[in-house]
Amino acid sequence: DIAALPLRGLALPQQIPGLPAARPMGDIDLLVKRQDLEAVALALKRLGYRAMDRRPGFAASFSYTLEYVKEEHGWIIVEPHW
């Protein structure tokens, strides 16, 4: 029940045919509402992701993106943006 849209890498192949091979992806970028960040964090944690916060609280206060990782199939990185 969280509104989210794919950004950049994941969204571009849908817009430009033939692009997937031209633009490799290293993470999954999602656009979410800032007021939903707590729900997003909880959903990702339930899916086995953990927050990567090098300076605790800094990104949520002064940036526009967070980073969550899951050590599966190498690394899976999800970055919610607001």
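This is a predicted model: local features need pLDDT of at least 70, side-chain atom pairs count only at pLDDT 80 or more; totals for chains, interfaces and linings use all residues.
Colleague: Let's start with the overall fold; in what order do the elements of the chain run from the N terminus on?

Modeller: The secondary structure comes to 3 helices and 5 strands. Read from the N terminus on, the order of these elements is β-α-β-α-β-α-β-β.

Colleague: What share of the contacts with a separation of 6 or more comes from residues 24 or more positions apart?

Modeller: For background, the chain has 82 residues, and buried ones make up 28% of them. Among contacts with a separation of 6 or more, residues 24 or more positions apart account for 47%.

Colleague: Now to charges: which residue forms a salt bridge with Glu 71?

Modeller: By the rule used here, the count comes to 3 salt bridges. In one of them, the closest N and O atoms are 2.8 Å apart, and the partner of Glu 71 is Arg 50. The pair links distant parts of the chain, 21 residues apart, with Glu 71 in the loop between strand 4 (68-70) and strand 5 (76-81) and its partner in strand 3.

Colleague: Is Glu 67, the salt-bridge partner of Arg 54, buried or exposed?

Modeller: The closest N and O atoms of Arg 54 and Glu 67 are 3.2 Å apart. This pair also links distant parts of the chain: Arg 54 is in the loop between strand 3 and helix 3 (58-62), and Glu 67 is in the loop between helix 3 and strand 4, 13 residues apart. Arg 54 counts as exposed at 65% relative accessibility. Glu 67 has a relative accessible area of 19%, which is under 20%, so Glu 67 is buried.

Colleague: And how far apart are the closest N and O atoms in the salt bridge of Glu 72 with Lys 70?

Modeller: Glu 72 counts as partly exposed at 35% relative accessibility, whereas Lys 70 is buried at 19%. A salt bridge needs the two atoms within 4 Å, and here the closest N and O atoms are separated by 3.8 Å.

Colleague: Which side chain of opposite charge is nearest to Asp 36?

Modeller: Asp 36 sits in the loop between strand 2 (28-32) and helix 2 (37-46). Leaving aside neighbours within four places in sequence, Asp 36 is in contact with Ile 2 and Ala 3. Asp 36 is buried yet has no salt bridge, because the cut-off is 4 Å and the nearest side chain of opposite charge is 5.3 Å away: Lys 33.

Colleague: What distance separates the C-alpha atoms of Leu 47 and Lys 70?

Modeller: Leu 47 lies in the loop between helix 2 and strand 3 (50-51). Leu 47 counts as exposed because its relative accessibility of 53% is over 50%. Leu 47 and Lys 70 are 23 residues apart in sequence, and their C-alpha atoms are separated by 8.8 Å.

Colleague: Last one: what is the volume of the largest pocket?

Modeller: Its lining includes Met 52, Arg 54, Glu 67 and Tyr 68, so Arg 54 and Glu 67 each have an atom within 4 Å of a pocket point. By class, the lining has 6 nonpolar, 1 polar and 5 charged residues. The volume of the largest pocket is about 230 Å³.

How values were computed
Residues are numbered from 1 along each chain as its sequence is written. Side-chain values use heavy atoms; hydrogens and water are left out. On a 1 Å grid over the protein atoms alone, a cavity is a set of points where a 1.4 Å probe fits but cannot get out, and a pocket is an open set with protein on both sides within 12 Å along at least five of seven lines; lining residues have an atom within 4 Å of a point. Grid points are joined across faces, edges and corners, and a volume is the space filled by probe spheres set on the points. Ala, Val, Leu, Ile, Met, Phe, Trp, Tyr, Cys and Pro count as nonpolar, Asp, Glu, Lys and Arg as charged, and the others, Gly among them, as polar. Helices (H or I, at least four residues) and strands (E, at least two) are DSSP runs, numbered from the N terminus. Buried means under 20% relative accessible area, exposed over 50%, partly exposed in between (1.4 Å probe, protein chains only). Lys and Arg count as positive and Asp and Glu as negative; His and the chain ends are not counted. Contact means heavy atoms within 4.5 Å.
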